Structures are given as structure tokens and as C-alpha cells.
Amino acid sequence: MLKTGQQYLESLRDGRQIFIDGAEVEDVTTHPAFTNVVHSMAKIYDFQSAEENRALMTYEIPGSGGERANRIWQLPRTHAELVERRKALEAWTELHGGFLGRAPDHVASCIAGMYMGIEAFETHDPDRATALSNYYKYARDNELYLTYVIINPQADRSKTADEQADPFLTAGVVSQDDEGLTIRGAKMLATGGIMANEVFVTCIQPLKPGEEPYAISFAIPMNAKGLKILSRKSYEASATSVFDNPLASRFDENDAVLYFDDVKVPWDRVFINQDTEMCNKQFHATPAHVYQNYQAQVRLMVKMRFLMGIARKTAETNGVIGFPQVRETLGQLAAQCAMVDSLVHAMEIKGEMRGDYFIPDRHTLYAAQVLTQQLYATVMTTLRDLAGGGMIMLPSSVADFANPEVAKLIGKTQQSPTTTSEGRVKFFKLAWDAVGSEFASRHTQYEMFYAGATFVTKGHSFRTFDWDRCTGLVDRMLDTYSLESELAQIQTAAE
């Protein structure tokens, strides 16, 4: 049940249709735009399947007679189990520094959250609930790597999906029969889609009456007949050296538009069929939205620690760690990192039982989303301020070290009180890839918007906050005095 790296690589050689730079990809595991990232993912699978990591990364499936699965599928029944699962997510995330935003633990958390709220599906349609329940177990037992596409192509954003010039710009139901649904149209944004096993397809955006054909929820393999994967530009393809681009060359998870060219989805893979109300409920009437975004905050917590390491080593490499103003900057960054860490732990401590399961606190999660959306760009700017020209004043490529004359000049011009010229260049190449490269820019955009537009996350925070408790404090204070009593005192004093 525990997938190895080699098994993972073999699972990707399935005939999926990926298009990049005007051509179709024959083998995602060997193509220069993708090979390094899929092999990085293979190493992550090897980590979780290693015997020494078994207790950390896996749990015993209840009622299975000893069968174990990756903790990404775990359904915590206590605070302690939630914490155990988080520690596994942290360990996995540390292998990529938080730069794989759609690693397998994200959408697994979404599907697990829906399963924890299966009663919402059972009330809506028992058959669809059975399909979801069975799919959760199938994905868990086969350790599938899932991505998802849950938003519609932007197109004319002043119009809804059914008002676009092409009614099948957005993926929707063309027809249905005894076998299942036929889907036509596009969805975005399949982050990690080129290296996932299957894709969960639905809509997280609110849908209105009339948009029923788009109110669907299902899962299919990435090699499903008629499914076309349209990749964005590959940063890995341009990062030909790990030394020059240590992150982009190995952790460019890629993003893609998926086009469904009359894709057949069997009924046992359909969880919602053309119901706008249920399409929204699947996230918010179940723990799914909280559980999947809790995972995202755990990932960001690890990523913040990585960025703090960049900040500290920047100051040390430049010999300015003792400057009061630099320590002040590092202190500010440390406080921001601790805030993210504290919010993750607070979600757990303030968590509550939902039926049989223990889930993180909703409002603390949404507060974290609001604050971290604003935080990430600020941290990037601070890291730039700390480095100054250090991340720019670098040799053109690793090939410069192969030229004895140039290498000698590098030794003279790239100096540091804490490392060699090679060490300085190596570190600042990493820092630039995390902060200033095209890969880094994409990550800034991702962290700002993966949770939705800021008005969406602020809306979640508004709806889930305990306003009554706060206004109750004000009301109780107001109740301790009145205009009438004040006037009575004035009248008494006058007499």
C-alpha cells in the first residue's frame, strides 16, 4: 500500500496527453520540462516508504487488521491524532522547503475532509455519497497523487459561466446516460497536474440557478480519454543547472489548464451531478475546506522557516549580523514566522469534534489565510532589502567556475567572512531562486491567491468569527449605566 519512488514514476507512464511548447509530451518522467520535479517527487515517496519513517509517515487503518496508509489520508479522532498527522506533513514538506504547493497531501486533505462530512452527501444523494466514500478508500489504498481543478477559466469575468459566448468554455455536462456523464470544456488551475495520478474536478466558486451543467464534482485519471493537459511555461526547462537554480530545476510543480474533450466520467466517479447548492456545500458543509487549507498553512509554516534560514544566512554571509538595524529586521521576520507557526498550533488547540472526527478551528484558519496572503509579499521585500545587490552580483552560470581565469576572479570578487567564494555564490543562487527568479515570482503570486481573492478569505473570516461574544462584552458594559440614572443623579444633586 505504500508507494515507492519507482512505483510512482511507473504510474506516470500512462499515455496522458500533455502539451508544451507546441508539442505533445511522450513521457513526463524523461521530458526536460518535467523530469527533475517528478524525480524529486519520487524521492518524497521513497522517504515515506522507508522503514525508519514508517511510524512518522503512516497510520493503521481502523478495522483493517493492521494495514497501514500514508497519514495524508488519516481521519483524526482526537487532538493528538491531528498533531501526529501534522508532524508527518511537516516532515514531507521539509523535503521540498514548502515549494510544492500541490504535493499529494493537499488534495488528499480535501477528499478526506469530504469523507468526514459524508452525511451531507448522503442527505443529498445516497448513490453519490457511496461513490465518494468508495473513492476515498480507493485513493487511500492505492496511494494516489491527486490534484484538483476547482475554478473556471477567467474569460469575461463580468459574466457567469452560462453567459459566456461559448457555453462550454467552462467544463460542463454535455449529456448523461446509464454509464455516466460526458464533460466538455476547460478548468483551471491544475497545479501539479503533469505529475499527479488523478484529478478532482469541481467548482468552488458560488454558482447560481441556470449554471447547473457546471455544478459537478468527480474524479478521473490524468490519462482519461479526451483529457488534454495544457502546460504553462516550464521553469525547469530553463533551469539547466541545479547549482544555478536549485529550486526551479527540481521543484517546479507546474500549472496547467485542463481541457475536457467530451470526457466520459462513470457514475462511480461522480460525487455531485448538476446541483448548485450541493456544489457549495461539499466544501463548507463538510470539513473539506478547513482540512485542505489547514494543510496549506502547515506547508506555509515550513516554507516560512526555510525563508528565515535564507534571511539569517544572508546577514551572516554579508557580515552584517551584528548590525542593530539588521537584528531589528531579523527580529521582525522571526515574529512573523512565529505568528504563522502559532496560528497553525492554535487551529489544533481550538479544534473541535465534528461527529467522530477532530478538526481544526475554522476561524483561526481563515484568520491565518487573511494575514498570510498579505504577509508573503512583505517577507519577499524584506529579504530583498537584506540582500541588496548580493543576489544579483553573481557569476553568469556554473560554467564560469570551469574557466580557470574567471574562477580566479570569482575568488577575488565573491568574498564573505563566513564562507568561501564558492559558498557565497552557491548560497546567493539559492536565495535568488527563492526570492527573485521567475520561479520565485510565481510563488509570490501563488501564495497571494491560492486561497482565493482577498475579499473571499476576508469574507470567510467575517462569517466564522464569534461576533456575538464581542458585542456581548460591549452590551454588558452598556448595561452598567443609563441616561436615566445619570439624569436622576443630576436632579438629586440639584435638590
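**Local features and helix packing**

Asp 244 counts as buried, at 11% relative accessibility; buried means under 20% relative accessible area, exposed over 50% and partly exposed in between, with a 1.4 Å probe and protein chains only. Before I go on, this is a predicted model: local features need pLDDT of at least 70, side-chain atom pairs count only at pLDDT 80 or more, and totals for chains, interfaces and linings use all residues. Residues are numbered from 1 along each chain as its sequence is written, and side-chain values use heavy atoms, with hydrogens and water left out.

Back to Asp 244. Asp 244 sits in the loop between α8 (235-238) and α9 (248-251). Helices here are DSSP runs of H or I with at least four residues, strands are runs of E with at least two, and both are numbered from the N terminus. Leaving out residues up to four places away in sequence, Asp 244 touches Ser 397, Val 398 and Lys 429, where contact means heavy atoms within 4.5 Å.

Next, backbone geometry. Met 188 and Leu 189 are joined by a cis peptide bond, with omega about 10 degrees. Leu 189 belongs to the loop between β7 (180-187) and β8 (198-201).

Asn 254 has a positive phi, near 70 degrees, and is not a glycine. Is Asn 254 buried or exposed? Asn 254 is buried, with a relative accessible area of 1%. Its place is the loop between α9 and β11 (256-266).

Gln 274, also not a glycine, has a positive phi of about 55 degrees. Gln 274 lies in the loop between β12 (270-273) and α10 (276-284) and counts as partly exposed, at 26% relative accessibility.

Now the helix pairs. Two packed helices are described by the angle between their axes and the distance between the axes.

The axes of α11 (residues 288-317) and α12 (residues 324-349) come within 10 Å and cross at roughly 165 degrees. That makes α11 roughly antiparallel to α12. Axes are lines fitted to C-alpha atoms, for helices over the stretch in contact, and angles run from 0 to 180 degrees between N-to-C directions. Angles under 35 degrees count as roughly parallel, over 145 as roughly antiparallel, 65 to 115 as roughly perpendicular and the rest as oblique.

Among the residues that meet are Met 301, Met 304 and Met 308 in α11 and Leu 330, Leu 333 and Val 340 in α12. By class, this contact of α11 with α12 has 16 nonpolar, three polar and four charged residues. Ala, Val, Leu, Ile, Met, Phe, Trp, Tyr, Cys and Pro count as nonpolar, Asp, Glu, Lys and Arg as charged, and the others, Gly among them, as polar.

The other pair is α13 (residues 362-387) and α17 (residues 454-464), packed at about 150 degrees with axes 8 Å apart. That makes α13 roughly antiparallel to α17. The contact includes Tyr 366, Gln 369 and Gln 373 of α13, and Thr 457, His 460 and Ser 461 of α17. The residues of this contact of α13 with α17 divide into two nonpolar, nine polar and two charged.
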